[in-house]
Amino acid sequence: MSVLVLRNGEAADVRKIPSLSVTDFRRVVLEEVARGSRIAAFFGRPDHERMRLVAVLANAAEATLSLCSAEVGDAYPSLTPDCPQAHWFEREIQEQWGVRPEGHPWLKPIRFHRPYRGGSVGEVLPGATDFFRVEGEEVHEVAVGPVHAGIIEPGHFRFQCHGEKVFHLEISLGYQHRGAERALAGGPGKRSIPIVETVAGDTTIGHALAYAEALEGLGRTRVSARAQALRGIALELERLANHAGDVGALANDVGYLPTAAYCGRIRGDFLNLTALLCGNRFGRGFVRPGGVGFDLEPARASQLLERLQRALEDVRVAVNLLWDTSSVMARFEGTGEVSRQTCEELGLVGPAARASGVERDARQDFPAGIFRFAHIPVSTCDSGDVYARAYVRWLEIQRSVAFIRDQVASLPSGETLVKTAPPGPDRICVSLVEGWRGEICHVATTDEAGRFAAYKIVDPSFHNWIGLAMALRGQQISDFPLCNKSFNLSYCGHDL
Amino acid sequence: MRWGIQAALGMLLAPLLLGVITRTKAFFAGRCGAPLLQPYYDLAKLLGKGAVYSRTTSWVFRAGPVVGLAAMLMALAFMPAGGAVSPFAFAGDMLFVAGLLGLTRFFTILAALDTGSAFEGMGASREAQFSALAEPALLLGLAVLAKQSGELSLSGVMQGISASSWGVVGPELVLVSAALLIVFLTENARIPVDDPNTHLELTMIHEVMVLDHGGPDFAFILYGSAIKLWILGTLLVGLLVPVRTGNAWIDGGAFAGGMLALSVTTGVIESTMARLRLVRVPHLLVGAIALSTLALILVLR
């Protein structure tokens, strides 16, 4: 066997991951990708003074995760020229461990921090790098950020423009790098959950769920059906709040007032439902390893259903206004198109991928928890433009509400929280969760004492930022904010 | 002294129009909205601040807001309103007023370019492009009115347009009004051309050019834009509400009602439609030119 095959949330002995030669490793990864797998995670980890590259390949058709590894020196032949979706991962590996992917076409830092090993590098400043330039008399460069107008996170964008037309957009991040992965190493401990919950504040439930499922996999803890259902409800509530907010923000970016104003309020209504569940609008403290921190009694359950119904009615009116207003559709349609082929080659995830017609949804492809028993239809659209990304969100809003209704109506009985067994020694577990932005991947590896030797987090934004850059090619620079909002990626989730 | 009052009222009430527009939009958004007098509070706040100047800018940057406001105030003095003639008038002053609008824009653009910022250069380029298309629509529209009234001063034109004119050349006046409404929205950076509320520099036209101005300079710019809104509004209302009874109270009241209705209409337009894609804006403006031209052909016929 050249790969170790796991299910989502299943743990295995870390030594069972096949160690291949670099040549075989490349061959296996490329073969798997050619077979339809996608790189869910690809990272380096130190292994007895040497570096080991580990690839997690997700095969949606078989619902399997294939792991393989290779020991490398200071350099190895890059995968990116043959497999574009590896490009961001390889840049990360180079930045973190100083292992050089030879032949990588665009090898630059992604987060601008000191390497994890072999120090003696001078000061590393965010954004201090060579940016791609288009030369020519009529070409001009526009630099935006890292400080933006409005309340958003910091990120730097460089446009190479010809008049109003964008030739190329380069995105430079790293301003939010906090060292979340490094802070998790040595866990699990009391600090682990707060760190995971704040990897991306708007995806608190998503990341906490991925963490909890990884930890339960490592310790073989069985979570009650009731807790699983409640987690599903919280995950979908998070999706509802963010999707409603995004649709409103899209309306705002084209200057369409009614939907912008109402969706901003309705997002709050959905957030308040999460608060009804656990007392926190963003779901902090709800998901806990072993179950959930709060139960949902019948009185609150009926209140939740009633308020959910009202919010859905409101959002339906607000969103339908968008589709019925031709001036809005004129802005949405044909703006920021990402082709299905680009989407598959770059391994985009979440609503961004589904808007290009790719049926990719971890809830269906790699079901865990409640999603093994209750299925949410995958919402897709074909045009790949801003309209498609907005419409997919609207479809998902309706389907998530239906799901929550079903789940609340038939909540199984049982304990909400069981004690988790400590993680076994030398184990690895991969957990995938479909957060509202897309696939969240956590890879937990333990050492011989059962502590986290390494904890790898791949936020959907990590896959999708390049998708935004592609969407802007040949577009109007004035449409950038609209495209950006239609992806609505996380800066801190990427920067970790 | 009656002719001086309306210019003074214009100077006093112009920011109120912005307050009414904002309030209308707030109503559509289901909010209470800012106080009607908020634009005045903003101006007072800005006037109380100090100004910061980048070392890369020259005197042009500082001259921009002053020249802009001065030109707008001068243009205001040529605008007849509410049936009254303007403080100043001469044959051909309509071109002079259009020229003053152009001068304001010219200095705003120069001041924007003076900062050397990519954003402001982009805004300046957009402003220059769109105003080059808005100006012919305005001038052709004015030409229709001049031909119709046989006068070459704005005061004469406005005296010449009465309720009975609508019976004679109604279709032409409808066309000119539509063209002037588009010019009104474009020149004042309103939706569907520009979004005065956006915080997104890359999408802005007018707002992005004044990003680097602060304090009293910015107050001058805001006040200048309010006056511009008033001037173009006066023109449009003078055309659409041609109450010329000779009674100052009736004429003035009709004018005030017209301005209020225009502000509310602007708010409603902003609340019920999205912005045009930037590349589509010229289509709208060329449409305005076509409307004006058609009206001109009709009155020359």
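Me: At what angle do helix α5 and helix α11 of chain B pack, and how far apart are their axes?

Reply: Two packed helices are described by the angle between their axes and the distance between the axes. In this predicted model, α5 (residues 118-149) and α11 (residues 281-300) of chain B pack at an angle of about 15°, with their axes 8 Å apart. That makes α5(B) roughly parallel to α11(B), a term for angles under 35 degrees. Axes are lines fitted to C-alpha atoms, for helices over the stretch in contact, and angles run from 0 to 180 degrees between N-to-C directions. Helices (H or I, at least four residues) and strands (E, at least two) are DSSP runs, numbered from the N terminus.

Me: Which residues make the contact of α5(B) with α11(B)?

Reply: Residues are in contact if their C-beta atoms, placed from the backbone, lie within 7 Å. Among those of α5(B) are B:F130, B:L133 and B:L140, while α11(B) gives residues including B:V281, B:L285 and B:I289. By class, the contact has 18 nonpolar, four polar and one charged; Ala, Val, Leu, Ile, Met, Phe, Trp, Tyr, Cys and Pro count as nonpolar, Asp, Glu, Lys and Arg as charged, and the others, Gly among them, as polar.

Me: In what order do the strands of the open sheet in chain A stand?

Reply: Strands pair if DSSP finds at least two bridges between them. The three strands follow the order β9-β10-β11, with antiparallel pairing. In chain A, β9 and β11 (165-172) each have a single partner strand at the edges, so one side of each is left without a neighbour in the sheet. Seven bridges join β10 (residues 156-162) to β11(A), and A:F157 has A:I171 of β11(A) as its bridge partner.

Me: How many residues of chain A are in contact with chain B, and which element gives the largest share?

Reply: The contact involves 26 residues of chain A and 24 residues of chain B. On the side of chain A, the elements that give two or more residues are β9 (139-144), α7 (257-278), α9 (326-332) and α15 (480-487). The largest share, five residues, comes from β9(A). This side divides into 15 nonpolar, seven polar and four charged residues.

Definitions and conventions. Residues are numbered from 1 along each chain as its sequence is written. Chains are lettered from A and ligands numbered from 1 in the order in which they are written. This is a predicted model: local features need pLDDT of at least 70, side-chain atom pairs count only at pLDDT 80 or more; totals for chains, interfaces and linings use all residues. Angles under 35 degrees count as roughly parallel, over 145 as roughly antiparallel, 65 to 115 as roughly perpendicular and the rest as oblique. Two residues are in contact if their C-beta atoms, placed from the backbone, lie within 7 Å.
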